[in-house]
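Subject: Structure handover

Hello,

I am passing a structure on to you with this email, together with some notes on what turned up in it. Please keep the structure open beside the text as you read.

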Amino acid sequence: MRSQGGRESLSESRDLDGSYDQLTGNPPGQTKKALKQRLLKLLPCCGPQSIPSVSESNLAPATLRPERPTALPLADSVEDEFELSTVCHRPEGLEQLQEQTKFSRKELQVLYRGFKNECPTGLVNEENFKQIYSQFFPQGDSGTYATFLFNAFDTDRDGSISFEDFVAGLSVILRGTIDDRLSWAFNLYDLNKDGCITKEEMLDIMKSIYDMMGKYTYPAMREEAPQEHVENFFQKMDRNKDGVVTIEEFIESCQKDENIMRSMQLFDNVI
C-alpha cells in the first residue's frame with residue numbers, strides 16, 4: 001500500500017523537473033527538441049568555427065547533458081513505477097540548489113528535465129558521458145576531450161556526475177565571475193590537479209580538441225598545429241618562463257587577452 005509521504009515525494013520530483021504544473025495539473029509546453037536545442041548552445045565547440053584558436057582553446061568548457069531525478073518512492077502509474085525503479089540518485093531539493101547555484105527555479109527545472117531524459121538513473125559515469133558527448137561531434141573522436149571534461153565536472157572524484165555536480169559546474173561557466181570562469185577552465189586543463197599546467201598537459205588538451213573537430217575540417221588541420229598552439233600558449237601565459245603555467249599566470253594573461261574575454265561573453269544569457 002502506498003504511503004502519503006511517498007506521494008508527496010513524487011510531487012516534489014515532478015516539481016523539480018517541471019513535468020507537472022501544480023497550478024494547472026498539466027505538463028509544461030517545453031518539448032524535448034526545444035530543450036536539446038537550448039542545451040546544445042552550451043557546447044563551446046558546436047559553433048561555426050572550424051579550428052580553435054589559441055585564445056578560443058583557453059576557454060572551451062562544454063556541457064554534458066543531464067540526468068535524473070529527485071523523487072522519493074511512490075508512483076501513481078506503471079510508468080512512474082518503472083521510472084522510479086531505475087533511480088540510483090535523487091538530487092537535493094530545489095530550494096537548496098537555488099541557494100548553491102545562480103540558477104532560478106524555472107531554469108533548474110528545465111535543466112533537470114533534460115538531465116533526467118538523458119540519464120534516467122540520476123548519475124552518469126564516464127562512458128555514458130562520452131556517449132552523450134559524441135553525439136555532437138560525429139565527424140571526430142571526442143572521447144579524450146570528454147574524459148577531461150568529465151573530470152572537471154566530477155569534483156568529488158567519485159567516478160560519476162550527479163545533477164548537483166552538473167548544475168554546480170554549469171553555474172560557474174554561465175553565471176560566475178570572470179575569475180570564477182577562468183579558474184574553472186584552468187582546472188579543466190590542469191589534468192593531474194597539481195596546481196599548474198605543463199606543456200604535456202596542454203598538448204594532450206590540444207590534441208583532444210583537434211581529434212574532436214575531425215580530420216575533414218576546412219581549412220584542413222596541419223599535423224603540427226597542436227604543438228604550435230601549445231608553444232604560443234606558453235609564450236603568452238608562462239610569465240616567469242619556468243616551464244609551467246600557474247593559475248595566477250593563467251588568469252592574469254587571459255584577462256589581458258581581448259579574444260579570450262570576448263569568448264567568455266559567449267556564455268552569457270545562454271539559458
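A residue is called buried when its relative accessible area is under 20%, exposed when it is over 50%, and partly exposed in between, using a 1.4 Å probe and protein chains only. Please keep in mind that this is a predicted model, in which local features need pLDDT of at least 70 and side-chain atom pairs count only at pLDDT 80 or more, while totals for chains, interfaces and linings use all residues. Residues are numbered from 1 along each chain as its sequence is written, and side-chain values use heavy atoms, with hydrogens and water left out.

The chain has 14 helices and four strands, where helices (H or I, at least four residues) and strands (E, at least two) are DSSP runs numbered from the N terminus. If contact is taken as heavy atoms within 4.5 Å, then among contacts between residues at least 6 apart in sequence, 69% join residues at least 24 apart. The chain exposes about 13400 Å², of which carbon and sulfur atoms supply 50%; such areas come from the Shrake-Rupley method with a 1.4 Å probe, and for residues only the protein chains shown count as cover.

Next comes the interior. In soluble globular proteins, nonpolar side chains tend to be buried together. A nonpolar core is here a set of buried Ala, Val, Leu, Ile, Met, Phe, Trp, Tyr and Cys residues joined through side-chain atoms within 4.5 Å. The largest such core holds 55 residues, and Phe166 and Phe250 touch the most other members. Helix H11, which covers residues 199-213, gives the most to this core, with eight residues.

Which residues of helix H7 are buried? In this helix, which runs over residues 126-134, they are Phe129, Ile132 and Tyr133. Seen down the axis of H7, these buried residues fall within an arc of 95°, so they line one face of the helix; the arc is that of the directions from the helix axis to the C-beta atoms. The buried residues of H7 pack against helix H6 (105-118), strand E1 (123-125), helix H8 (143-153), strand E2 (160-162) and H11.

The loop between H7 and H8 contains Phe137, which is buried, with a relative accessible area of 2%. Phe137 and Asp211 are 74 residues apart along the chain, and their C-alpha atoms are separated by 9.8 Å. Leu203, in helix H11, also counts as buried, at 17% relative accessibility. Leaving aside its neighbours within four places in sequence, Leu203 is in contact with Pro226, Gln227 and Val230.

Charged side chains deserve a careful look as well. A salt bridge is a side-chain nitrogen of Lys or Arg within 4 Å of a carboxyl oxygen of Asp or Glu, and by this rule the count comes to 11 salt bridges. One of them joins Glu228 to Arg222, with the closest N and O atoms 2.8 Å apart; Glu228 is partly exposed at 34%, and Arg222 is partly exposed at 43%. Another joins Arg239 and Glu252 at 3.8 Å, N to O. This pair links distant parts of the chain, 13 residues apart, with Arg239 in the loop between helix H12 (225-237) and strand E4 (244-246), and Glu252 in helix H13 (residues 247-255). Glu252 also forms a salt bridge with Lys256, whose closest N and O atoms are 3.2 Å apart, and Lys256 is exposed, with a relative accessible area of 56%. Finally, Glu126, Glu127 and Lys130 are linked in a network of salt bridges.

Two backbone angles remain. Most residues other than glycine have a negative phi, and most peptide bonds are trans. Arg157, however, has a positive phi, near 55°, and lies in the loop between H8 and E2. Phi of Lys193 is likewise positive, near 55°, and Lys193 sits in the loop between helix H10 (178-189) and strand E3 (196-198).

With best wishes
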